[in-house]
Amino acid sequence: MSQSVSEHSESHRTSLADYRAALTAPGSRGAVIASLLARLPIAMIGISALLYVQRETGSFASAGLVSAGSLVGVSVGAVVQGRLIDRFGPTRPLLTTTVLFALAMTALVFAIEAHAPTLVLVPLAFGTGITEPMVGSASRALWTRLLPAGPTRNAAFSYEAISMEVFFILGPGFAGLLIAAPWAGTGIVTGALTMIAGAVLFALSPTVRAWGPSPSTGGKLLGALASPGMRTLALAALGFGAVIGFVEVAVPAAATEAGNTSIGGLLLSAWSVSSVAFGVAYSLRPWPRQMGLRLPVLLAAFGALVALLALPGSLWGLALAMLAAGALITPQSTTHSAAIEIAAPKGTAAEAFGWVLTAVTLGLAFGQSISGYLVEHAGTEAAFLAAGGVGFALAAVVWLLRGTFRPRSPEAVAEAPELVGAAR
């Protein structure tokens, strides 16, 4: 009986009223505003660091290695910080990592200004990544404590995914504007200060401070990955990141081949725009209803649409194809968040979000590295087709593992409802 109820709640549609209810829930306002401030510069910092290092060293190769070091740090830090947040609550881990992040970022800026060798810059970039305060994971996990399972919580998860897409649209633009400032490090410092301020405000907000430690039912070593459903979700997230990674290299390469290098970034922004627009519509009527089916179907459809990017013979055609493919980005991000409620062991929500972020990041790194090789040796069409193939292959694996999503009862899903009262 409880399983059927849980499966029914999993298919609830959201409405625009659910978005309003989520964002005005008691205790949510301060945390939501602080989270926005902390997450706004996520994309901006990465692009600013890349441009800053290139400007100072004159080498895109060095800048790429520094960027990769930061990404690896983020993938490790997401899981470590998530586990600490689940164990101690968010306030202490976030405040500690924010201080370490400020120190690491200061060291990196001084090293760049001193024209330190790449062998020094890469470990420092790794340090900024691993200490970057994971407000996004804590923010998404917080909704499971503020709102009961159902359409309103689903709307909150959709809001988180949509807002991140908006930040990935705005971030590169801000970085591009600030790199033209008299000092090339203006962008990275502005982004870091914004993130630090937002993280501190989020950690000290009353609702977040009321979030205490949670007893974890995950394995001591594997944590949230002790759940078979979480391992399946991680595979889906890995495929999602890999497909995007292929595109992030192949699209700028296609623009360069067409003699219009500057339009590459605009093309990537195009699919973020359609992602935001379609993400809201999808949340109102998600399909398929069962989570075990939704993950592989969305990933396979995404791979198919990305494979079609190999067909257009002009940048205008590529832009239209990007708009179509981008429509499935936010639906997958939202689905990953909703799937955690079903798959993650109780008390491991923040770590579970960290594993999803790590899987996406590793997928990005894989996709970008393979795509770069294919672009140079076989052309951009091969990279787009390979992206579709990878998406299909991992979607097939997720389909075979769909039975690992066994919904828990509503009583098990609901976590720490007392926080709602404490935040009033």
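Let's start at Pro312. Leaving out residues up to four places away in sequence, Pro312 touches Gly317, Leu318 and Ala321. Contact here means heavy atoms within 4.5 Å. Where does Pro312 lie? In the loop between α14 (291-307) and α15 (315-326). Pro312 counts as partly exposed because its relative accessibility is 25%. The cut-offs are these: buried is under 20% relative accessible area, exposed is over 50%, and partly exposed is in between, with a 1.4 Å probe and protein chains only. One more point on Pro312: its C-alpha atom is separated by 9.5 Å from that of Glu381, 69 residues apart along the chain.

A word on the source. This is a predicted model, where local features need pLDDT of at least 70 and side-chain atom pairs count only at pLDDT 80 or more, while totals for chains, interfaces and linings use all residues. Residues are numbered from 1 along each chain as its sequence is written, and side-chain values use heavy atoms, with hydrogens and water left out.

Now the whole chain. How many helices and strands are there? The chain has 20 helices and zero strands. Both are DSSP runs, numbered from the N terminus: helices are H or I with at least four residues, strands are E with at least two. Of the 424 residues in the chain, 54% are buried. The chain exposes about 17400 Å², and carbon and sulfur atoms supply 70% of that. Those areas come from the Shrake-Rupley method with a 1.4 Å probe; for residues, only the protein chains shown count as cover. Then contacts. Take those with a separation of 6 or more: 86% of them are between residues 24 or more positions apart.

Next, the cores. A nonpolar core is a set of buried Ala, Val, Leu, Ile, Met, Phe, Trp, Tyr and Cys residues joined through side-chain atoms within 4.5 Å. The largest one has 89 residues. Which members touch the most other members? Phe202, Met230, Trp271, Phe302 and Val306. Helix α12 (residues 228-257) gives this core its largest share, 15 residues. The core also draws at least three residues from each of domain 1 (23-211) and domain 2 (223-405). Those bounds come from an automatic or database domain assignment. There is a second, separate core of 21 residues, including Val53, Phe101, Val109 and Ala125. As background, nonpolar side chains tend to be buried together in soluble globular proteins.

The whole structure has six. One of them is Phe278 with Tyr282, a tilted pair, 6.3 Å centre to centre and 40° between the planes. The rule is this: rings of Phe, Tyr and Trp (its six-membered ring) pair if their centres lie within 6.5 Å; planes under 30 degrees apart are stacked, over 60 edge-to-face, and the rest tilted. Both residues lie in helix α13 (residues 263-284), four residues apart, about one turn of the helix. Are they buried or exposed? Phe278 is partly exposed, at 34% relative accessible area. Tyr282 counts as buried, at 10%.

Ser48 sits in helix α4 (residues 42-57). At 5% relative accessibility, Ser48 is buried. A polar atom of its side chain lies 2.8 Å from the backbone oxygen of Met44. Apart from neighbours within four places in sequence, Ser48 is in contact with Ala175, Gly187 and Ile188.

Thr97 is in helix α6 (residues 91-113). Thr97 counts as buried because its relative accessibility is 10%. Not counting residues up to four places away in sequence, Thr97 touches Gln81, Thr131 and Pro133.

Ala197 is in helix α10 (residues 186-204). At 35% relative accessibility, Ala197 is partly exposed. Its C-alpha atom is separated by 6.9 Å from that of Ala38, 159 residues apart along the chain.

Last, two backbone details. Trp287 and Pro288 are joined by a cis peptide bond, with omega about -10°. Pro288 lies in the loop between α13 and α14. His115 is not a glycine, although its phi is positive, about 55°. His115 is found in the loop between α6 and α7 (118-131).

Note on methods: A polar contact is a pair of N or O atoms within 3.5 Å; within protein, one must be able to donate a hydrogen and the other to accept it, and residues adjacent in sequence count only if both atoms are side-chain atoms.
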